[in-house]
Amino acid sequence: MLNTFPASLSVVMFVNSGCEANELAMRLMHCKTQSNELLVVDGAYHGNTNKAIEISPYKFNGHGVLQYLRR
C-alpha cells in the first residue's frame, strides 16, 4: 500500500480505535502545519477523548457528554 504514496509518507501506524486514529491524525497535522484549524463533519462521531469532544460541534454545543458537565 505504501508504494502508492509519496516517499515522504513511508510509515504506517496501526492504532486500536477510531479515537486513537483521530488523535494521531490531529497530532500529525499539527506537527506538519503548526495549525490547530480542522474541518469536521457536524453530527459525526469523532470519539470520546478530550480532543475528539472538543472538535465535535454537537457535543460542544450541549447535545453530548458536555451537557452533563455544564450543570
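C31 is exposed, with a relative accessible area of 55%. C19, by contrast, is buried at 18%, and the count of disulfides comes to zero. The model is predicted, and the chain averages a pLDDT of 78. The chain has four helices and zero strands.

**Cysteines**

- The relative accessible area of C19 is 18%, so C19 falls in the buried class, where the cut-off is under 20%.
- C31 has a relative accessible area of 55% and therefore counts as exposed, the cut-off for that class being over 50%.
- Zero disulfides are found when cysteine sulfur atoms must lie within 2.5 Å of each other.

**Fold and surface**

- Buried residues make up 18% of the 71 residues of the chain.
- The chain has an accessible surface of about 5800 Å², and carbon and sulfur atoms account for 58% of that surface.
- Of the contacts between residues at least 6 apart in sequence, 22% join residues at least 24 apart.

**Confidence**

- A pLDDT of at least 70 is reached by 79% of the residues.
- Within the chain, helix 1 (residues 18-33) has the highest confidence, at a mean of 90.
- Confidence is lowest in helix 4 (residues 66-69), where the mean is 47.
- Over residues 64-71 the pLDDT stays under 50. For this stretch the model has ten contacts beyond four places in sequence.

- M29 lies in helix 1 and counts as partly exposed, at 23% relative accessibility.
- Beyond its neighbours within four places in sequence, M29 is in contact with Q34, S35, E37 and L38.
- Q34, one of the contacts of M29, is placed in the loop between helix 1 and helix 2 (50-55).
- The phi of Q34 is positive, at about 60°, although Q34 is not a glycine.
- Most residues other than glycine have a negative phi.
- Q34 counts as exposed, with a relative accessibility of 57%.

- The structure holds one salt bridge, formed by K51 with E54.
- The closest N and O atoms of K51 and E54 are 3.9 Å apart, and the cut-off for a salt bridge is 4 Å.
- Both K51 and E54 lie in helix 2. They are three residues apart, about one turn of the helix.
- Side chains of opposite charge can pair when their charged atoms come close.
- K51 is partly exposed, with a relative accessible area of 30%, whereas E54 counts as exposed at 52%.

**Nonpolar patch**

- A nonpolar patch on the surface is formed by L2, F5, L9, V12 and F14.
- Together, the residues of this patch have about 510 Å² of accessible area.
- L2, one of the patch residues, is found in the segment before helix 1.
- The relative accessible area of L2 is 33%, which means that L2 is partly exposed.

Key. Residues numbered from 1 in each chain as written. Predicted model: local features only at pLDDT ≥ 70, side-chain atom pairs only at ≥ 80, totals over all residues. Heavy atoms only, no water. pLDDT = per-residue confidence, 0-100. Helix = DSSP H or I, 4+ residues; strand = E, 2+ residues; numbered from the N terminus. Contact = heavy atoms within 4.5 Å. Buried < 20%, exposed > 50% of the residue type's maximum accessible area, 1.4 Å probe, protein only. Patch = residues over 30% accessible without salt bridge, like charges linked within 9 Å, V, L, I, M, F, W, Y side chains within 5 Å. Areas by Shrake-Rupley, 256 points an atom, 1.4 Å probe, with all protein chains shown as cover. Salt bridge = Lys/Arg side-chain N within 4 Å of Asp/Glu carboxyl O.
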